[in-house]
Amino acid sequence: MTAPTTVTTADHSVAHPVGFLRARGARVRIVAWVLLLVLGSLAVVTVVTWQLLIRATDARMDTALRTEIEEFTALTASGRSPTDGAPFASVDQVLQTAITYNLARPNEKFLGYLDGVFRYQSRQQSPVLLAGDPGFARLAGSVPAPVEARYESAAGEVRYIAVPVTLAGDPARGVIVVAYFADQERSAADDAALLMVAAGAATAVLAAVAAWLVAGRILRPVRDVADTARAITETDLSARIHAGADTRDELGALVRAVNAMLDRVEDGARAQRRFVDDAGHELRTPITIVRGHLEVVDVDDPADVRATVGLVDDELERMNRIVSDLLVLAKAEQPEFVRRAPTEVPALLEETLRKASGLADRQWALVGAPEAVLADLDAQRVTQALLVLADNAAHHTVPGDRIVLGAAADDATLRLRVADTGTGVPAADRERIFARFARGSGAARRSDGAGLGLAIAGAIAGAHGGHVEVSDGVGTGLPGQSGPGATFTLVLPLRAESEVR
């Protein structure tokens, strides 16, 4: 692979190959690393196998050399010619007989030297003519004792054993040499190594193709993450990463984690936009009122100033209440909004009734509270929701009306209710009144407040995994009921979902 060349007006520089691979992307890097590992492994296996074959070949040649010498010794040990059984007449005859009666293997050569001069050789063809090599003759032709050695010939390494031959009554000195052309004998090992190299190259190509395909499949979720990130804008956070068929591996966990993070980001952005929109929507009116009265106030008229200050103070108090309610609703979408703990329901209702009785001059009562119920909930948040419902009931009743708190529970559900004998809630408004800034219509409509109370109660119930129901007050058993009345009920799970499982 040729590295890219970066040309400038001043000089020519060549980018580093590692930097090139890094610039080409993770898929190329994965394929490059796979190729590196495959080629490295094949190189190690090839070299080790070649060395083992070479060692086995060398051991086989050494064994063959010693065997041939043993055969020569056995052939001439009797001192008689195997041709006619007559005693050997000379050293020359011994050499001729020994070389004639032994068949040389391929790449093997038998030679006979008499008084340092070449005399006989086996008929097996050899890569070079050792008989005419004076250097080899000097080393092996006149040895006084058996010698096992190596010689670098024109055809490469020669491994040989030279054994001196003598005969009683003959002053001549002979030498029998058994030689192996080692490089030619090792050619089978070299051919095997070349075959392994060729097979390794083909394997590397297949591994590269497979790595390219597998890397593309593995990195698809990563590309989806990048595509999804590019698709997300400030106004559109709805894009999600497509989960493949098999999402049980680490990449599937990555996809789920990123999608969950995007859900949280979208929820946070939605809550932020909702908070800004709600605050701008509801605060615009009191700000306009304050600005309008401040523009026309007569600073020289103390009565007018006092009236304007009182109005501004009232509007600022209303703005403060709106901001507080909006903050509660914003926190309701956070996981730590509710902190559950085992709570005694009768004690919770008694404490809530004690606090609610100061909201207005009504007939407050606790009816139908269970004697002993332990629920897993956030006592402060549930009290806040009940007080919101109690305050709502107080604003829709008149002095003398009754407002009662009660509870009921079964094996899985806790129902906390606030019922009143007031104006009631029309059926058409029962879904709408839980929306932010929503108010009842007709007789159920109240002039003050931002319309966030019931939304807060619904958010608290939802954070507990429950909801709020509204029904008529008729049938609640409230004596002296003057109007149709209304019953708001917090329906909450008695235990947290994790405990139920």
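A: What follows goes through the sheet strand by strand and then turns to its surroundings.

The model is predicted, with an average pLDDT of 79 for the protein and 82% of the residues scoring at least 70.

The sheet is open and has five strands, in the order β9-β11-β12-β14-β13, with mixed pairing. At its edges stand β9 (363–366) and β13 (467–472); each has a single partner strand, so one side of each lacks a neighbour in the sheet. From one strand to the next, the twist averages 15 degrees.

β9 pairs with β11 in the parallel sense, over four bridges. Within this pairing, alanine 365 is placed opposite valine 404 of β11.

Strand β11 covers residues 402–409, and six of its eight residues are buried, so the strand is largely enclosed by the rest of the structure. Arginine 402 belongs to β11. Its relative accessibility is 19%, and the cut-off for buried is under 20%, so arginine 402 counts as buried. Aspartate 361 is 41 residues away from arginine 402 in sequence, while their C-alpha atoms are 9.7 Å apart in space.

β11 also pairs with strand β12 (residues 413–420); these two run antiparallel and are joined by seven bridges. They form a hairpin, with three residues between the strands. Across this pair, alanine 408 faces arginine 415 of β12.

Valine 345 has contacts with Val373, Ala375, Ala407, Leu414 and Leu416, leaving aside residues up to four places away in sequence.

Next comes the stretch of chain around helix α12. α12 spans residues 453–463, and its buried residues are Leu454, Ala455, Ile456, Ala457, Ala459, Ile460 and Ala461. An α-helix has 3.6 residues a turn, so residues three or four places apart point the same way. After α12 comes glycine 465, which has a positive phi, near 85 degrees.

Some parts of the model call for caution. Over residues 442–447 the pLDDT stays under 50, and the model has 12 contacts beyond four places in sequence for them. Residues 1–23 also have a pLDDT that stays under 50, with 14 such contacts in the model.

In the model, residues 30–53 are 100% helix and 0% strand, with end C-alpha atoms 34 Å apart. Residues 193–215 are likewise 100% helix and 0% strand, and their end C-alpha atoms lie 31 Å apart.

Note on methods
Residues numbered from 1 in each chain as written. Predicted model: local features only at pLDDT ≥ 70, side-chain atom pairs only at ≥ 80, totals over all residues. Heavy atoms only, no water. Contact = heavy atoms within 4.5 Å. Pairing = 2+ DSSP bridges. Axes fitted to C-alpha atoms, helices over the stretch in contact; angles between N-to-C directions. Buried < 20%, exposed > 50% of the residue type's maximum accessible area, 1.4 Å probe, protein only. pLDDT = per-residue confidence, 0-100.
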